[in-house]
Amino acid sequence: MADTYDLTIIGTGPGGYVCAIRAAQLGMKVAVVEKREHHGGTCLNVGCIPSKALLHASEMFEEAGHDFAALGIKVGTPKLDLKAMMNHRQETVDANTQGVAFLFKKNKITPIHGTGKIAGPGKVEVALADGGSETIETKNIVIATGSDVAQLPGIEIDEKTILSSTGALELGKVPETLVVVGAGVIGLELGSVWRRLGSKVIVVEFLDRILPGMDAETAKTFMRSQKKQGMEFKLGKKVTGATKKGKGLEISVEPAAGGDAETISADAMLVAIGRIPYTTGLGLEEAGVELDERKRVKIDNHYATNVAGIYAIGDVVVGPMLAHKAEDEGMALAELLVGKAGHVNYDVIPGVVYTMPEVAVVGKTEEELKDAGIAYKVGKFPLTANGRARAMRKTDGQIKILADAKTDRVLGVHMIGASVGEMIHEVAVLMEFGGSAEDLVRTCHAHPTMSEAVREAAMAVDKRTIHM
Ligand code: FAD
Ligand code: NAI
């Protein structure tokens with residue numbers, strides 16, 4: 001007779017694999033079903049990890065070409081070895097995906113390679129990658145199938161000239177001109193990679209701003225910095241068509257509100273207009289699992305769907321499409337399934353854009369506080385006034401802290417600067433403990449560090465900065 005599992009998880013992205021490990025640690029017998037060749041989902045295979053490998057490598061390339069001389073290092077004009085850079089990307093991906101396979105073994109989790117489908121209560125049917133099928137008996141099922149690229153109507157992604165993020169991570173040649181559709185996180189990160197490697201990058205964004213949802217002033221300041229680096233923005237514009245011409249494309253761009261079209265010639269176009277939950281072929285309709293108005297799997301606050309024993313986490317459910325959000329939900333759900341108090345604080349989920357400078361945010365934006373009628377104070381500190389930033393010639397950026405006007409509690413922090421993606425966690429921990437700007441001020445910060453700018457921004461909340 002086939003094994004019966006306590007838990008079967010469909011999809012081994014950050015949501016699924018973390019849920020599997022935590023559940024196994026808590027004593028559950030766990031199986032995972034994954035259709036990709038390697039575990040780790042979008043994040044490890046074609047998302048967070050390869051993009052960060054290319055962001056780091058391209059940043060080093062740009063620094064060697066533009067910034068080393070000012071530090072007294074002469075290296076001549078650096079030459080790009082794109083093949084070696086792509087090898088670095090692939091080695092990074094392999095190390096991470098193999099790491100997940102190792103962790104499954106270590107935690108005695110059974111991986112099954114194939115496409116999973118819910119075949120009724122407590123049953124997952126897998127079309128095995130090697131052919132044939134297998135039905136898994138299980139007490140609980142977790143849908144952790146992630147998301148897929150949103151497409152522009154009438155424009156087909158071929159991953160050669162019309163690219164999704166996946167194609168943009170694997171180009172064999174630096175495009176002379178790259179049009180990026182969408183000034184969101186993917187557009188700005190991958191646009192930066194190719195701009196640094198020599199492309200002229202034109203970002204076409206439907207809205208009149210970049211990074212929608214982020215603190216508006218922070219997004220505006222960041223856009224100014226990106227423009228200085230040579231990124232071109234066409235805001236309030238939409239791409240209405242792309243036709244192949246020779247080896248490249250003729251792209252028509254119109255004002256979002258309607259009006260005269262312009263044509264841009266480019267070697268490639270990256271479509272980065274968001275991602276959509278992935279529920280194709282899962283048998284959800286037959287199983288009676290409800291979706292919400294945006295076709296995400298509908299869950300309660302314990303990740304349970306409307307069908308007993310079926311749960312969902314990660315990009316396929318409500319909330320920011322972020323790897324760490326998926327991971328935290330995976331851990332929380334595993335704990336809830338064994339009767340522990342699993343919990344995710346959705347008010348304190350950091351977001352980072354891994355460009356140079358980076359953008360790192362946590363908590364509320366000014367717009368959200370205004371909408372909620374919450375009186376707040378703003379403390380800002382520019383990195384131009386920070387000694388460590390000057391020593392590294394990384395003075396582009398600022399720290400902005402929003403604190404409750406009455407209680408001084410920190411409600412939101414918005415940072416631009418080198419390595420702010422690491423620095424944001426100081427304030428995330430502070431916010432988890434309900435800390436105030438005063439708490440940050442009273443915490444001794446090592447000198448000279450970029451983190452001193454966080455403390456100075458906290459001082460700025462009460463207009464008492466020392467170094468400005
Ligand atoms: P996924 O990682 O999408 O994993 C789902 C898995 O389920 C996939 O492996 C899929 O093959 C599998 N699957 C689907 N259906 C089935 C089925 N029926 N049977 C078997 N298997 C199935 N987030 C960050 O936080 N930081 C970043 O820096 C970052 N960078 C990104 C860069 C790019 C280019 C992209 C595209 C995304 C990035 N993200 C980043 C977002 C991040 O990748 C996702 O939020 C995260 O992967 C979601 O995790 P998940 O487990 O919900 O789903
Ligand atoms: P996004 O939602 O961040 O940005 C999409 C952008 O495209 C928006 O600015 C939107 O207004 C614009 N847009 C939509 N339709 C358009 C159209 N027709 N024409 C022009 N512009 C249009 O989505 P993105 O960048 O594709 O990323 C997808 C997800 O992946 C995000 O949810 C993000 O959280 C995640 N991600 C996270 C990263 C990180 O944490 N560093 C890195 C990369 C992705």
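## Two cis prolines

Pro448 sits in the loop between helix H13 (437-441) and helix H14 (452-461); helices here are DSSP runs of H or I with at least four residues, strands are runs of E with at least two, and both are numbered from the N terminus. The peptide bond that joins His447 to Pro448 is cis, with omega about -5 degrees. This is a predicted model, so local features need pLDDT of at least 70 and side-chain atom pairs count only at pLDDT 80 or more, while totals for chains, interfaces and linings use all residues. As for bookkeeping, residues are numbered from 1 along each chain as its sequence is written, chains are lettered from A and ligands numbered from 1 in the order in which they are written, and side-chain values use heavy atoms, leaving out hydrogens and water.

There's another cis bond from Met356 to Pro357, with omega near -5 degrees. Pro357 lies in the loop between strand E17 (351-353) and strand E18 (358-363).

## The second largest pocket

Met356 turns up again in a pocket. Among the 21 residues lining the second largest pocket, those closest to its centre are Asp67, Gln229, Met356, Arg393 and Lys394. A pocket, on a 1 Å grid over the protein atoms alone, is an open set of points where a 1.4 Å probe fits, with protein on both sides within 12 Å along at least five of seven lines; lining residues have an atom within 4 Å of a point. The volume of this second largest pocket is about 540 Å³, that is, the space filled by probe spheres set on the points, with grid points joined across faces, edges and corners.

What's the lining made of? It has ten charged, seven nonpolar and four polar residues. In that count Asp, Glu, Lys and Arg are charged, Ala, Val, Leu, Ile, Met, Phe, Trp, Tyr, Cys and Pro are nonpolar, and the others, Gly among them, are polar. H3, helix H6 (185-196) and helix H7 (216-228) each put in at least two residues, and H3 gives the most, with four.

## Salt bridges

A search of the whole structure turns up 24 salt bridges, each a side-chain nitrogen of Lys or Arg within 4 Å of a carboxyl oxygen of Asp or Glu. One of them pairs Glu232 with Lys200, N to O at 3.0 Å. The two come from distant parts of the chain: Glu232 belongs to strand E10 (residues 232-235) and Lys200 to strand E9 (residues 200-205), 32 residues apart. Glu232 counts as partly exposed because its relative accessible area is 30%, and so does Lys200 at 43%. The cut-offs are under 20% for buried, over 50% for exposed, and partly exposed in between (1.4 Å probe, protein chains only).

Glu217 and Lys400 form another salt bridge, with the closest N and O atoms 2.8 Å apart. This pair also links distant parts of the chain, as Glu217 is in helix H7 and Lys400 in strand E20 (residues 398-404), 183 residues apart. Glu217 is partly exposed at 26%, whereas Lys400 is buried at 0%. Then there's Arg296 with Asp292, where the closest N and O atoms are 2.7 Å apart. Salt bridges that share partners also tie Asp215, Glu217, Glu366, Lys380 and Lys400 into one network. Back in the Arg296 pair, Arg296 is buried at 11% relative accessibility, and Asp292 is buried at 17%.

## Positive phi in two lysines

Which phi does Lys295 have? Its phi is near 65 degrees, a positive value in a residue other than glycine. Lys295 is in the loop between helix H8 (284-287) and strand E16 (310-312), and counts as exposed because its relative accessible area is 57%.

Lys108 also has a positive phi, near 55 degrees. The loop between H4 and strand E3 (110-118) holds Lys108, which is exposed at 71% relative accessibility.

## On the surface

Leu71, Ile73 and Val75 make up a nonpolar surface patch with about 250 Å² of accessible area together. Such patches take residues with over 30% relative accessible area and no salt bridge, joining nonpolar side chains (Val, Leu, Ile, Met, Phe, Trp, Tyr) within 5 Å and like charges within 9 Å; accessible areas come from the Shrake-Rupley method with a 1.4 Å probe, and for residues only the protein chains shown count as cover. Val75 is in the loop between helix H3 (48-66) and helix H4 (82-106) and is partly exposed at 46%.
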